Amino acid sequence: MTEDVINRIRQEFPNLPERLLGLGEMAENLWWSWHPAARMVFKSLNRQVWKESLHNPDKTLKEIPTETLAEVAQDPDFLRHYDLVLSQYHKYLEKGICSMLSDTCDSDRPGIAYFSAEYGLHHSLPFYAGGLGFLAGDFIKECSDLQVPIVAVGFMYPEGYVLQRIREDGWQENLDQPLDREAASINRVLNRDGNQMVVRVPVIEPPTFVSVWKVDVGRVELYLLDTDIEVNEPWNRSISARLYSGDIEQRLRQEIVLGIGGMEVLEKLGIKFSVLHLNEGHAAFALLERIRDHIQAGLTFTEARKAVSGSTVFTTHTPVPAGHDIFPFELMGKYFHDYCTSLGLDHDSFLQLGIHPDEPQSGFNMTAFALRISGYCNGVSNRHGEVARKMWQNLWPEAGAEHVPIDFVTNGVHVPTWIEPKMELLFNKYLGPEWLKEHNNPYIWELIDEIPDGELWDTHMWLKIKLIDAIRERARRRWIEDRLNPSLMVSGGTLLDPTVLTIGFARRFTTYKRADLILYDLERLKKLLTDRWQPIQIIFAGKAHPADDPGKRILQRIVNTARDPEYGGRIAFVEDYGEQFAQYMVHGVDVWLNNPLPPLEACGTSGMKASLNGVPSLSILDGWWHEGYNGKNGWAFGNEKVEGNRDKTDAEAIYRLLEEKIIPLYYRSRNHEISHGWVAVMKEAIKTCGSQFSARRMVLEYLNKFYEKALQNRVPD
Ligand SMILES: *Cc1c(COP(=O)(O)O)cnc(C)c1O
């Protein structure tokens, strides 16, 4: 540790004895979040404090009594583990970020700048809404593991966390829970004078400033912009208050701050990079700043655009119209009036950059803009690539649909983050202790067959019980603290039974995901739920966007069905879905249900997380399941075209698969034997996900398909 770091740690954690300063150091880097041994060190300080802190090392260290710390500093058992983990942490950091791409990268110049409006890294950092955020979080964690030279930029959302509460009538309420910036693994970025760095965002009038924070994600630095500072006027202060403001003008201002402000922050930090990667269109205004930089260096607009194009990667993430921001021309005029001039463009040619030819009057379309300017574009699954090429075909009128320059890289999940630690130990035993280091070697996954069925099943059962315990514990708290109506205790999951076949459904409650599809024919479902010998149960979780009333209605219908005694307490809705509960869910249910309206799920990643832990999918053929389903690793339906409303067809397909395939296979056991047929499906699910749907495979594909080429095109300073 440098003297600076030591002093900072001493200041931040005044109660830490010198012998344990390394705890402060580790608490400040999210490396702990994907290294269970590191989490164990914090947990072993004091289980209760750890639990109360919601597994947050920073908070744990701040709240733990000084005497406890003094005691453990003398405890040889504790110190042995502490010293080992700390040395592993140091070893991890020693290796810089340049081993990949070593010929195109030097240590003072990260190769790639990655911009994203959300990052899902850990539940203590509420900077995500759903899949897009977790994709970005998993992506930079994997870049850290692979030593890919990347720097990331995003938003600090001080009100990012809205607690979900279900009201007496089953309606979702949102309670604000302002983030305590001091009790999380986030640090201020300081100027030389010791004050926090504050940067003025170009373009926005009245002047707007962002303060700069940093999250260390292993070897990767993630810079966060925060407009909630005193120098800003109130309206500007709230620009970064929360994700995806519903107010269109505020939304535009958010995107200006992220794209243009983000570029300015990198500049002020002295961070140079060669390739820009835009994770979805929210940050696409960064492209304008890059063009402007080149123009200031003497290029014409056309030359500058070409240079930027050759070194930009853009990933589009959804075919859902609401996922693409379109800003009215008047608003664009209001904010970019002078900016166009600095690009050497008149107002009209500027607006042309963001026009979607299919609806030229609708406004400035951020995705159309990003696709036009970026030289390397991709969707997030094979199928989504096809859908995106059709959707944006008219941006390239001269190309046939198959020649539209939108490629694909299928998403993947960060294996060390999503593998359950007990499952990891089991794999250590049969795949060899190096399996995690080498998890992109497909041969490793063949060794899954070595695991005795009984051991895999026992591990799974243990995780299922853990899930149900966690649900009961949450319900108990609500029972004590809020004296809830008992029927809400039932819908909260208190009657769940670990011996029953358990289906999980958890994701954002947005209409296209059709959370209530399985309730389509309640009579037929009721028979399955309440069968005397072979019942099933369903656990739901997920939040509707605070402005999404149709989403809230679906949620209300599920809650009110769950509390109806007709269904035997075998449906549960668990409040406040986030990263922590997602971990329990994807580890602990038996089947992962996924039934969006095709082709709207660009990829989907929660099914991959489940599959990795031996939880097979029952999924419609959309997104990743087109590539993932192999006939043995789960169940598929819905490939056929249906005219009009397809809910009935799809719901019936789900009932049929449950009745004819899934339930009989699950309960097929004699004399208290386990169902070997079921365990075979579990094993196949693990193999598919491990070898094909890891973030490691994904990041390497971005490298091979785009980054290496884009780095060749970089413009020397
Ligand atoms: C993985 C994940 C998601 C994304 O799930 P999809 O299946 O892609 O919708 C959303 N929320 C949380 C908390 C997650 O962990």
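In the predicted model, helix H28 is mostly covered, with twelve of its 17 residues buried. The helix spans residues 676-692 and reaches 24 Å from its first C-alpha to its last, which is close to the 24 Å expected at 1.5 Å a residue. The buried residues of H28 include Trp678, Val679, Val681, Met682, Ala685 and Ile686. Lys683, Glu684 and Lys687 also belong to this buried set, and under the division of residue types used here Lys and Glu count as charged. Thr688, Cys689 and Gly690 complete the list of buried residues in the helix.

In Thr605, a backbone N or O atom lies 2.9 Å from an oxygen atom of the ligand. For Ser606, an N or O atom of the side chain is 2.4 Å from a ligand oxygen atom. In the case of Lys609, the corresponding distance between a side-chain N or O atom and an oxygen atom of the ligand is 2.6 Å. Taken alone, the ligand exposes 390 Å², and the protein buries 94% of that area.

With a relative accessible area of 3%, Ile64 is classed as buried, because the class requires a value under 20%. Along the chain, Ile64 and Asn46 are 18 residues apart, and their C-alpha atoms are separated by 7.5 Å.

Leu593, by contrast in setting, has its place in strand S18 (residues 591-594). Its relative accessible area is 1%, and Leu593 is therefore buried. The C-alpha atoms of Leu593 and Gly385 are separated by 23 Å, the two residues being 208 residues apart along the chain.

How values were computed:
Residues numbered from 1 in each chain as written. Predicted model: local features only at pLDDT ≥ 70, side-chain atom pairs only at ≥ 80, totals over all residues. Heavy atoms only, no water. Helix = DSSP H or I, 4+ residues; strand = E, 2+ residues; numbered from the N terminus. Expected span 1.5 Å × (residues − 1). Buried < 20%, exposed > 50% of the residue type's maximum accessible area, 1.4 Å probe, protein only. Polar contact = N/O pair within 3.5 Å; in protein donor to acceptor, adjacent residues only side chain to side chain. Areas by Shrake-Rupley, 256 points an atom, 1.4 Å probe, with all protein chains shown as cover.
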